[in-house]
Amino acid sequence: MVDIESRQGRKRMSLVLLLVAAFWATPTCLAQQVTPYPPGVYGTWPIFVLNTKSTPPMLVQQDISVPGATVCTPTTTDNGGYTGELLLKNGPAPRGAGGLVGILLEVLWTWVPGTNAASLDWSVMNNLLIEAQACNLRVALSLDMPLAASPDMSPTSLPPWVEQQIEMIKTVRLDIGTVPVFWDPIFNGDRVAFIQAAAANIATLPTAVQQNIIAVLAQPFGATTDDWNIPHSDSNVMAWQKAGYSTSTMLAAGQMILKAAAKAFPSLNLKLPIQAEGTELDMLDGTNPPGTDGGVALATQVLPWAYTTFPGRFFAQLNFVSTKSPPDCVSPCSLDTTVSPNPVFDLIRTYQPQGVGLQDVAAAVDGGVPTTINGVPTYCLQNGGVTLPNGGVIPCTPPSPGVAVCDSVQYATVSQNSWYVVQTYAPTFWEISRGDATTATGSQNPCQITTDGGQDLMRNVFAAVTTQLAETSPTCAQNVDSEFYITRSGYVFNFGTKLFYQTVKLTNIGSAEIGGPIELVLDHLSPNGSLSNQSGVTTCAAPLDNNPYLNSPYIVATGATLLPGASVSVVLEFSNPTKAPTAYTQRMLAGAGTP
Amino acid sequence: MNEDETITMKTRFLPALLIPPLLYFTAPGTASADILFTVRLDTTPLTITPGDQAGPFSLAFQLAQGDTNNTTNTATVSDFVFGGGSAGACPANCMTFGNVSGDATGSIHLSTSDGFEALIQTFRPGTTLSFLVDLTTNPNNPFLGAAPDTFAFSILDRSLFPIPTQDPSGADTLVTVDINSTNPTVDSYATDPRRLTNAGNVSITMGPATIEEVPEPGTLTLLGTVLVCAGVLRRWRHLRVPNA
């Protein structure tokens, strides 16, 4: 008898443990719940390079503090100068105090040693991720997988483990050397393997470090960097066409890489820099004659697909905003002829409400050919900039005799004018490229922001921008969980519609009226069910339980105000082919903000 | 044995008389409460034009689990009376979901043990339809965010869409029981003549089912026990009066 009871007890305990395990395992099955993209200013932070002069060649970090150094404090080995680090120069910079929300952390796949995707050494990147988290800077992770690592690269510049199968990869000879074609399945298989290996590595990091990463960039169309870059000189166009280039082929390749990134990093946002191409390459199925579509046929197909496939987590991004870029305005805008009209600006404008990002080109310098001013070779600020309605700046001209062109005040002023352009596009985030704060060391830019005054000015600009972006980003609906008593009915199956119906009664138990619309959110909806009559998915309001996930379905219970003690019932319609019970966690939102 | 001894013995045995009801209330079996109720419907509108245009009709019983981490409930539907009509023979006229057993020619047994169980069985309506439902009432814990298990009954048209009813959930049931307490409410709904049937496109006007709760055998036993106890107590008091 004792044995039987003992066995029954063990059975019961096993059942309990099974249920507990199932409960804890459930969140891992949840689909596509993503951390919101914090609005604000982001710096760039290239991470490490291969020092080919050492024997053997070694990976060294550049422009960052070395592992083991005091976090957020530059060391003597730093060259200094990159935006992210510049703003940390004066010591630990709490998020916002330095004006930066986070950084773009680039990982070029030729920099990660290893003989195959499974044996890559991520230790340097991991140290940087840990340091960024300690510095309270969110990380947008760029997995750079260009066709070539530099303009003069041959296929041998590809990662060693890719080189092993290079002879099987379809290649094309371009101005940048012989490189694989974007749509080669073996090459893309390697890119997917790299993405998966990065994800697997990050999964081994401390939870806080993992959660500090907010976005991943896996550029499918980067020939040389993580920018959207498809070489399209006349000779390039001929080479691409000979190799079989078509917009649909490129689209399929892009979908493959973006899907792989989305799957490998299910809780991260996806961002994708976009660009225009040669019209000869990017005609819309040949229906548009060359020169009429601005070479954005590929972008116009990738973006709607991506925004639809990854709702609430995809962000297109423009990487060439400057003081010379046209402010968003009602057409016809007065555009600078040297950079516009540019159809990509029109494209990005289309997607403003869904979230876009902008990256500044060198706000401080252009890094190009110096202009001699007063006998001194001077690098102009954004090619001279333009006079802007907010006061303008002409950075290439010394403001007055005896004042250096590189005056830090000018940097800040140019940044402010860049911001004038940027804000007209209502982006979610603004990245400041590395040149904005570069130093003389190892750079062609003779200017450097070394004075505290200059740093402070830029800090102030960025801090103000971050604040403004946060204020202008969509206001989220308010969480009113504590104001409601909620009762759920059971699930009843309708044999005709094949749907399960559940009535949920929402009662205002607070002492104040609750302004509509009032939304019921279904967090952690079990994979076997989907809400057929959902009003949408959350894109702004995250749960309050330190769980920053979005993309939960919600339904508008009422658009009206609910008085204290009043109730409203809402019927949920579930598609549930398995007919097993549907599970979810309820959440209440109210007010005019975005759910 | 004198009168004092008699009273002493009666006093000694009195607690023993209270044991049966005490056992009844403390026995484990009492945790699994049941409700019994009879459902009666006037099905005449289904036998005459235009209602009959939507037929042949089917009975549809379902028991849906509200939450996997909670208790199991069962439903037994029996004592079918068709008022001149009849139920089709299974399996030719039946469709089941889950491990349903039985059919409307005898009794139907449904359980939430495998999530969702249902039986659809073709029937020929008569003037009335009645059946008895024996439903266990083990509520799920609402504080764990669980929905209750639900028993529901519908009549389907020949396209297997339910006849439109005034069921506010949208599931078009005629009878629904959310097992949200040990004594849940049985809701019944009239048809909705403003909405046409999916098959036949006709309007059917049928009042809500009459629900009559039936005291379950356990309740009768308890009642009997209490009455016996009361009688014994009264008798004992009557015997004590002379000694007062």
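I began with two terms: two strands pair if DSSP finds at least two bridges between them, and strands (E, at least two residues) and helices (H or I, at least four) are DSSP runs, numbered from the N terminus. The model is predicted, so that local features need pLDDT of at least 70 and side-chain atom pairs count only at pLDDT 80 or more, while totals for chains, interfaces and linings use all residues. Residues are numbered from 1 along each chain as its sequence is written, and chains are lettered from A and ligands numbered from 1 in the order in which they are written.

Entry on chain A, strands. I looked up strand S6 (residues 171-174) and strand S7 (residues 177-180) of chain A, which pair in the antiparallel sense over four bridges. Arg173(A) has Thr178(A) in S7(A) as its bridge partner. Two residues lie between S6(A) and S7(A), which form a hairpin.

Entry on chain A, helix. I then checked the length of helix H5 (residues 185-202) of chain A: its 18 residues should span 26 Å at 1.5 Å a residue, and its end C-alpha atoms are 25 Å apart, which agrees. The expected span is 1.5 Å times one less than the number of residues.

Entry on chain B. I traced an open sheet of six strands in chain B, with antiparallel pairing and the order S6-S7-S3-S9-S1-S13. Its edge strands, S6 (101-102) and S13 (210-213) of chain B, each pair on one side only. Within it, S3 (residues 74-81) and S7 (residues 108-111) of chain B pair in the antiparallel sense over four bridges. Ala75(B) has Leu110(B) in S7(B) as its bridge partner.
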